[in-house]
Amino acid sequence: MGADLYIEDKIGNNLGYFRDAYNDSNVFWKFEGSYWEMIDLAREEIYSEVDCEKAISYMEKKLANDEVFEKNISDLLDVEQEYFKKEAKDLKKFVKVARDVLNGNIKGRIIFSV
């Protein structure tokens with residue numbers, strides 16, 4: 001189980017993908033972010049479509065807090081810290097591409113499977 005985040009062009013070609021497992025390897029949790037909270041904030045009612053602007057804005061806000069991230073990985077082994085730093089970089093890259101989609105710089109659609 002985990003969060004699968006996709007960006008596809010209009011014919012289904014992959015423009016971006018990020019997977020975050022729901023276990024101790026979850027990088028978004030290290031920023032004190034929650035995919036479930038993101039989805040709750042980004043939809044009008046249960047089972048409705050997600051407002052991608054709200055979802056990506058939530059992620060941008062959480063991912064901007066490097067101080068929280070560093071604090072939450074500070075007690076980990078060096079190899080674990082490196083893992084989370086790489087994952088954080090990849091997640092931030094995904095969110096940047098998603099922002100480009102929302103701004104119309106890239107033609108595509110954002111899909112959240114959480």
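A residue is called buried below, that is under, 20% relative accessible area, exposed over 50%, and partly exposed in between, with a 1.4 Å probe and protein chains only. The model is predicted, and local features need pLDDT of at least 70, side-chain atom pairs count only at pLDDT 80 or more, and totals for chains, interfaces and linings use all residues. Residues are numbered from 1 along each chain as its sequence is written, and side-chain values use heavy atoms, with hydrogens and water left out.

E32 is partly exposed because its relative accessibility is 43%. Helices (H or I, at least four residues) and strands (E, at least two) are DSSP runs, numbered from the N terminus. In these terms, E32 belongs to the loop between α1 (27-30) and α2 (35-41). Most residues other than glycine have a negative phi. E32, which is not a glycine, has a positive phi of about 60°.

Nonpolar side chains in soluble globular proteins tend to be buried together. A nonpolar core is taken as a set of buried Ala, Val, Leu, Ile, Met, Phe, Trp, Tyr and Cys residues joined through side-chain atoms within 4.5 Å. The largest such core holds 30 residues, and the members touching the most others are Y35, M59, L91 and F112. Two or more residues each come from β1 (2-8), α1, α2, α3 (52-63), α4 (66-73), α5 (78-102) and β3. Helix α5 provides the largest share of the core, eight residues.

Aromatic contacts were examined next. A pair of aromatic rings is described by the distance of the centres and the angle of the planes. Rings of Phe, Tyr and Trp (its six-membered ring) pair if their centres lie within 6.5 Å, and planes under 30 degrees apart are stacked, over 60 edge-to-face, and the rest tilted. By this rule there are eight aromatic pairs. The pair of W29 and W36 is tilted, because the planes stand at 35°, with the ring centres 6.4 Å apart. W29 is partly exposed at 32% relative accessibility, and W36 is partly exposed at 42%. Y83 and F84 form an edge-to-face pair, with 5.1 Å from centre to centre and 80° between the planes. Within that pair, Y83 is partly exposed at 33%, whereas F84 is buried at 5%. One aromatic cluster is formed by Y22, W29 and W36.

A charge sits over a ring if NZ of Lys or CZ of Arg is within 6 Å of the ring centre and within 35 degrees of the ring normal. K30 lies over the face of F84 in this sense, 4.9 Å from the ring centre.

Two separations along the chain were also considered. F18, in strand β2 (residues 14-21), is buried at 4% relative accessibility. The C-alpha atoms of F18 and V95 are separated by 9.4 Å, and the two residues are 77 residues apart along the chain. K71 lies in helix α4 and is exposed, with a relative accessible area of 53%. Between the C-alpha atoms of K71 and K92, 21 residues apart along the chain, the separation is 18 Å.
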